[in-house]
Amino acid sequence: MTSEQAGVRLGHGVGKITLPLPFPSPPSVNAYVLDTDEGLLLLDCGVAWEPGRSTLEKGLADLGRTLGEVTVLVVTHLHPDHVGMAPRLVEETGCRLVMHRRAATLYERYNDTPGLVERTRLLARRHGVPHDLVDAVADLGPRPDWMPPLRPPDGLVEDGDRIPLGGGRALEVLHTPGHEAAHICLRDSLTGILFAGDHVLPRITPVVTYDEALDDPLGEYMASLQRLVDLRVGLIYPAHGTVVERGSKRAVQILLHHRRRLAGMEEVLARGPATAWRVMEEVYRPHLTPPEQRLALGETVAHLEHLRGVGRVTSFEEDGVVFYRLAT
Ligand SMILES: [Zn+2]
């Protein structure tokens, strides 16, 4: 293998292609390629831009394959660094797009950038962002052209389904909501290796932001992590970064990160009622940029709503702004 190679063989008929992304963090996304009886299965595809597209073709060539052989594109979740190129690949190759059942309706939300801006603005106001900062925090900019609108998936899967690869081998579907409501992981029945999307990443903790599609995004995320612990997951092939060797151990680390953060927020509320914005300012590092503030606020609301759901805190409203306080 040379550093020029975009496609790498991981053994057991699995290929990995590292696709560049048009933003610094994360800088790339891993697409995986597996053989099926009816052509190639591609797992995740990066955003719709030329460097990604040409790297995908080059990576397939490194693996001795071509784009025309792709018959099914499975996407782990509805974020542009995973699904962005899907509309173009479906159109060009005629492959089927397969996602979790929830994507059948949530794709409309993915397509609706003005709606997302409006929901973010409402969330910011409701959770105590100062008036003069609301616009900056909710400003998502124009919709990038590497994120063309999606059509509904051609195939829907749910937890427990098996996507056949041939010869009795299959990818077993685990619905793992939290990072995104339609997120799935896929376990290779032959090797036990888990293709984890963004559910578990090697060095960073995936963003778990407030999401109106879920009652308790953080609770669902933590339950989805605990599931990997209970399954004693070993090797993980993540969507960003390098292989995770002890998957369930990494899941435990991420669980602990969130438990510490929950405890930190309870400490802030022990000093008196506060908005999510105020809690965020105490718990996150200072000098965040507005986009970072947006993510941090969404995460803070997800944590506080989880604490409210489990009875640790209560909330009340004043002039349309939500305050949290410790439950007595
Ligand atoms: Zn991602």
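This is a predicted model: local features need pLDDT of at least 70, side-chain atom pairs count only at pLDDT 80 or more; totals for chains, interfaces and linings use all residues.

Q: What makes up the secondary structure of the chain?
A: It comes to ten helices and 14 strands.

Q: How do you know whether the radius of gyration of the chain agrees with that of a compact globule?
A: Put the two values side by side. For 328 residues, the rule for a compact globule gives a radius of gyration near 20 Å, and the chain has 20 Å, so the two agree. As for the outline, the C-alpha atoms fill a box of roughly 60 × 40 × 35 Å along the principal axes.

Q: How much of the chain counts as buried, and what does the chain expose?
A: Buried residues make up 51% of the 328, where the cut-off is under 20% relative accessible area. The chain exposes about 14900 Å², and carbon and sulfur atoms supply 51% of that area.

Q: Why are H8 and H10 called roughly perpendicular?
A: Two packed helices are described by the angle between their axes and the distance between the axes. Here, the axes of H8 (residues 247-270) and H10 (residues 290-309) come within 10 Å and cross at roughly 80°. Angles of 65 to 115 degrees count as roughly perpendicular, so H8 and H10 get that label.

Q: Which residues make that contact?
A: From H8 come His258, Arg261, Leu262, Met265, Glu266 and Leu269; from H10 come Glu299, Thr300, His303, Leu304, His306 and Leu307. Sorted by class, that's five nonpolar, four polar and three charged residues.

Q: Why does Ser248 count as buried?
A: Ser248 has a relative accessibility of 19%.

Q: What makes Arg96 partly exposed?
A: The relative accessible area of Arg96 is 44%. Partly exposed is what lies between buried, under 20%, and exposed, over 50%, so Arg96 belongs in that middle class. Its place is in strand E6 (residues 96-100). Apart from neighbours within four places in sequence, Arg96 is in contact with Thr71, Val72, Leu73, Asp154 and Gly155.

Q: How many of the chain's contacts join residues at least 24 apart?
A: Among contacts between residues at least 6 apart in sequence, 63% do.

Note on methods. Residues are numbered from 1 along each chain as its sequence is written. Side-chain values use heavy atoms; hydrogens and water are left out. Axes are lines fitted to C-alpha atoms, for helices over the stretch in contact, and angles run from 0 to 180 degrees between N-to-C directions. Helices (H or I, at least four residues) and strands (E, at least two) are DSSP runs, numbered from the N terminus. Angles under 35 degrees count as roughly parallel, over 145 as roughly antiparallel, 65 to 115 as roughly perpendicular and the rest as oblique. Contact means heavy atoms within 4.5 Å. Ala, Val, Leu, Ile, Met, Phe, Trp, Tyr, Cys and Pro count as nonpolar, Asp, Glu, Lys and Arg as charged, and the others, Gly among them, as polar. The radius of gyration is taken over C-alpha atoms; the globule rule is 2.2 Å times the number of residues to the power 0.38. Buried means under 20% relative accessible area, exposed over 50%, partly exposed in between (1.4 Å probe, protein chains only). Accessible areas come from the Shrake-Rupley method with a 1.4 Å probe; for residues, only the protein chains shown count as cover.
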